[in-house]
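Here is a short tour of a two-chain model, written to be read with the structure open beside you. Shall we take a look?

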Amino acid sequence: MIHAILLALLVAIIGLTPTTSPAAGKDFVIGLSGDATSLNPVVATDGQSYIAEWPLFDSLVELDQGLNVKPLLAESWEVSRDGLTYTFKLKRGVKWHDGKPFTARDVAFTFYSVLDPKVTTPHRAYFDALAGFPELTAKENPRRPEELAVRPIEVVDDHTVRFRLRYPSGSFLAVLVNPRAGIVPEHLLRGADLNTAEFNRRPIGTGPFKLAEWRRGERLVMEANDQYHGGRPALDRLIFRIIPDSVVLLQELRAGGVDFIENPPLTEVARLKQTPNLKVLVADNTSYTYFGWRQDLAPFTDVRVRRALYHAIDVPTIVREVLQGYAAVSTGQFPPSSWAFDPSVKPYAYDPARAKALLAEAGFKPGSDGVLTRDGKRFSFSVRHDQANQSVKDTAVIIQEYLKRAGVEVHLEPLDWPTFVKKLFASEFEGIVVGWTNHHDPDPFAYTIWHSSQWKGRNFAHYKNTRVDEALEAARRTGVTAERKKHYAEFSKLLMEDAPYVFLYFQQQVYVTRAGYEGFVPIPTFAGIYQSLKSVRWTGK
Amino acid sequence: MDSGLRTYAVKRIGFAALMLLGVSVILFTIMRLAPGGPEAVLIGGEFSQEAAAQIRQRLGLDRPLALQYLGWAGAALRGDLGRSFKTGDPVAALILDRLGPTVQLTAGALVLALGVAVPLGVLAAVRRGTIWDTLGSAVALFGVSFPSFWLGIMLILLFSEVFHLLPPSGLSEYGREGELSARLRHAVLPTLTLGLIQMASFMRFTRSSLLEVLRQDYVRTARAKGLGGGRVVWRHALRNALIPVVTVVGLSLPTLVGGAVLTETVFAWPGIGRLAVGAVFERDYPVIMGVNLLVATVVVVANLVTDLAYCVIDPRISYR
């Protein structure tokens with residue numbers, strides 16, 4: 001009875017009616033699992049911030065679906081014959097969200113800020129080719145641009161800007177795209193500390209949407225920019241809602257509280273595809289997940305052992321079972337969508353017998369407990385991984401099982417992300433399973449992960465092969481794509497021969513949206529689909 | 001107030017301040033003993049040692065731990081809780097911003113829990129051994145058995161996905177924050193989730209406490225006087241029976257806050273609990289310190305007030 005009274009009261013107060021979605025077609029509600037950190041593209045570097053600052057800031061150029069660059073704030077550009085000078089003609093009549101005109105000075109200011117060692121940004125390394133890079137970014141007594149004999153970035157006039165390089169670089173145009181290279185306004189940021197500026201919370205950009213509200217941990221609201229140089233977006237508002245629980249996120253989508261979510265649990269995708277008012281979108285990605293180990297620790301120093309580990313693991317089965325097929329088997333650093341991908345490089349096939357033979361050849365004998373031993377030492381090691389990433393977690397468990405069958409003992413050590421990353425970069429691990437960000441251009445990550453000069457950086461697994469170093473350097477210092485392709489093919493072959501990791505898979509990005517929204521362009525790079533929010537429209541069908 | 005009580009109060013307040021100091025030292029140490037650091041989160045996938053070192057320096061994490069604590073404590077005494085590592089917002093402002101939703105949620109849950117638990121407890125005690133008693137116990141068992149994250153998701157499944165009656169998460173809809181009905185609709189499921197969990201222990205306490213009181217002489221006397229059963233229970237017995245229940249309600253405060261942490265995460269409820277969870281995962285030290293200090297202060301002050309209130313209310317208790 002008490003329940004009945006309470007329920008009646010509740011109904012009376014609230015007036016229970018079925019929930020309805022907000023104004024369909026006008027407000028586009030995107031569900032995110034976490035909040036952004038900073039909305040300043042110069043210092044923002046985490047995934048959520050990338051997604052949130054993208055609609056607010058335009059870059060000089062943007063990517064198309066084939067990962068080629070096309071004009072955005074830059075109308076056109078010319079590259080000098082020696083490949084050392086890039087001159088950009090900027091679009092006229094572009095305005096910042098506060099109404100001030102956008103000029104070449106903003107471009108120079110943005111990239112000088114990226115180079116400024118006082119500014120905390122990992123993007124700096126992508127501009128290694130710029131003239132004066134070593135002097136401008138030196139830890140001790142960095143030079144100021146005015147002090148250099150040659151200006152790396154020259155403001156020719158309001159609508160022309162020139163970049164000078166110290167070596168021809170094939171990746172230079174590619175690093176000028178969002179979300180890593182959005183242009184910020186000089187008139188609001190000159191003299192400010194970019195790491196902590198109030199601007200990072202209340203940004204002004206040139207992008208298709210303007211920030212209207214940011215309630216920390218709750219939502220971000222952006223409104224269409226009526227003055228947008230590419231034409232006003234069709235959507236009136238973007239509302240990013242922060243919903244940490246993935247199950248609740250999915251229920252919000254079904255209930256109509258959000259219109260778009262990313263990375264639903266993969267086991268749910270088949271069911272979502274069957275849901276009549278929902279649409280599943282799939283985009284390739286440049287990031288891959290791998291099973292790696294410290295290259296300089298025995299027995300991983302023995303190439304037979306490394307190849308045996310590769311032969312012991314059935315990667316296609318992992319892709320099918322863990323990723324539900326939403327992944328491509330990886331054969332190295334480059335995704336199949338990249339021009340640098342070499343289809344002739346093949347992974348070591350799943351062949352348990354071959355794995356055992358190779359391990360025997362390397363001197364391992366079965367011990368009494370089934371684990372292989374060599375010189376009295378059992379082949380047993382720990383594998384660390386991020387505990388919050390479900391597909392990585394499942395992959396690690398399956399790898400453990402495959403290796404057990406090969407006589408290798410693996411202890412899994414799931415760690416929370418901040419701990420894991422710290423141990424990774426301190427090279428405090430034996431084995432790891434990790435998915436890693438990658439750039440759409442081959443150079444920035446191939447070089448920093450595999451070049452032997454980077455042991456203190458991203459080459460934390462301590463890989464070293466002089467021929468690989470040479471190939472990477474040669475590829476870095478040419479602007480000719482055909483030549484770069486040749487060097488990267490050589491690099492990919494050498495890498496697979498060395499088997500430094502078991503390259504596992506390139507996981508696809510899965511998005512679910514309400515049927516009736518059209519205009520998404522699934523650009524095959526991290527969060528690439530968010531670039532197309534400006535072209536998304538409601539058709540009602 | 002007599003002088004004995006005044007001395008006692010001063011002593012207790014001094015002790016409470018010392019307690020908070022101790023709590024802050026322990027918190028700071030434990031937090032920093034946890035592996036990992038904020039730089040990994042702040043940089044994201046494009047981590048580099050150089051950027052990490054730069055961030056540690058900027059945030060002052062490269063200084064000796066004791067100096068860091070003294071710096072923090074000195075500022076905290078002046079009312080400055082620092083700025084969030086993640087967003088750069090002042091911690092005090094972040095907490096203040098999140099206080100409202102948490103107070104709403106926990107107060108709502110408490111009212112709901114008491115409103116259901118006390119009548120149910122009375123019913124179970126008066127009709128001991130009948131179907132009502134069993135039913136009450138079943139409800140209590142249900143409440144304590146299910147973790148809030150599971151219960152929350154089940155309620156969402158039922159009320160949002162199956163019946164389409166209530167929104168699954170959030171504080172309100174964008175543009176409708178001012179509307180009471182929208183806010184209430186969003187509040188139903190989280191309040192129910194948090195309330196159900198509290199309900200169980202309140203109900204059991206009401207029942208057992210009332211059973212004990214009902215056996216006492218004065219109740220028998222009241223009955224012997226010829227008073228009606230309802231009057232005896234509600235007017236005479238229940239009032240006394242509720243004293244231990246009130247104590248339990250006071251003691252349940254930390255549990256309630258703990259429950260709010262999970263409930264707020266499930267329902268994307270922008271309260272203190274979610275702020276704390278996010279801060280822990282992101283190693284946002286100033287926010288962790290701020291939130292925990294707030295909770296510690298609430299608990300310490302609540303205990304202080306309870307202790308002082310005892311001697312004001314109950315003349316048999318005296319302090320020297």
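Which backbone oxygen lies 3.0 Å from a polar atom of the side chain of Asn459(A)? The backbone oxygen of His451(A) does.

## Reading this model

This is a predicted model, in which local features need pLDDT of at least 70, side-chain atom pairs count only at pLDDT 80 or more, and totals for chains, interfaces and linings use all residues. Residues are numbered from 1 along each chain as its sequence is written, chains are lettered from A and ligands numbered from 1 in the order in which they are written, and side-chain values use heavy atoms, with hydrogens and water left out.

## Around Asn459 of chain A

Asn459(A) sits in the loop between helix H13 (442-450) and helix H14 (466-476) of chain A. Helices here are DSSP runs of H or I with at least four residues, strands are runs of E with at least two, and both are numbered from the N terminus. With a relative accessible area of 1%, Asn459(A) is buried; that word means under 20%, while exposed means over 50% and partly exposed is in between (1.4 Å probe, protein chains only).

Leaving aside neighbours within four places in sequence, Asn459(A) is in contact with Thr448(A), Ile449(A), Trp450(A), His451(A), Ser452(A) and Gln454(A). Contact means heavy atoms within 4.5 Å.

## Chain A as a whole

Chain A comes to 15 helices and 24 strands. Its radius of gyration is 25 Å, close to the 24 Å that the globule rule gives for 541 residues, so chain A is as compact as a globular protein of that length. The radius is taken over C-alpha atoms, and the rule is 2.2 Å times the number of residues to the power 0.38.

Along its principal axes, the C-alpha trace of chain A spans about 85 × 75 × 40 Å. Buried residues make up 59% of the 541 residues. Of the contacts in chain A with a separation of 6 or more, 68% come from residues 24 or more positions apart.

## A seven-stranded sheet

In chain A, seven strands form an open sheet with mixed pairing, in the order E8-E9-E10-E1-E11-E22-E12. The edge strands are E8 (209-215) and E12 (278-283) of chain A, each pairing on one side only. From one strand to the next, the twist averages 20 degrees. Two strands pair if DSSP finds at least two bridges between them.

E8(A) and strand E9 (residues 219-224) of chain A pair in the antiparallel sense over six bridges, and Phe209(A) has Ala224(A) as its bridge partner in E9(A). Their hairpin has three residues between the strands, and there Gly217(A) takes a positive phi near 75 degrees. Strand E1 (residues 27-32) and strand E11 (residues 260-262) of chain A pair in the parallel sense over two bridges, with Ile261(A) as the partner of Gly31(A).

## Chain B and its helix H1

Chain B has 13 helices and zero strands. Its C-alpha atoms fill a box of roughly 85 × 65 × 35 Å along the principal axes, and buried residues make up 46% of its 320 residues.

How far apart are the end C-alpha atoms of helix H1 (residues 3-33) of chain B? They are 45 Å apart, which agrees with the 45 Å that its 31 residues should span at 1.5 Å a residue; the expected span is 1.5 Å times one less than the number of residues. The buried residues of H1(B) include Leu5(B), Tyr8(B), Arg12(B), Phe28(B) and Met31(B). An α-helix has 3.6 residues a turn, so residues three or four places apart point the same way.

Terms used
Axes fitted to C-alpha atoms, helices over the stretch in contact; angles between N-to-C directions. Polar contact = N/O pair within 3.5 Å; in protein donor to acceptor, adjacent residues only side chain to side chain.
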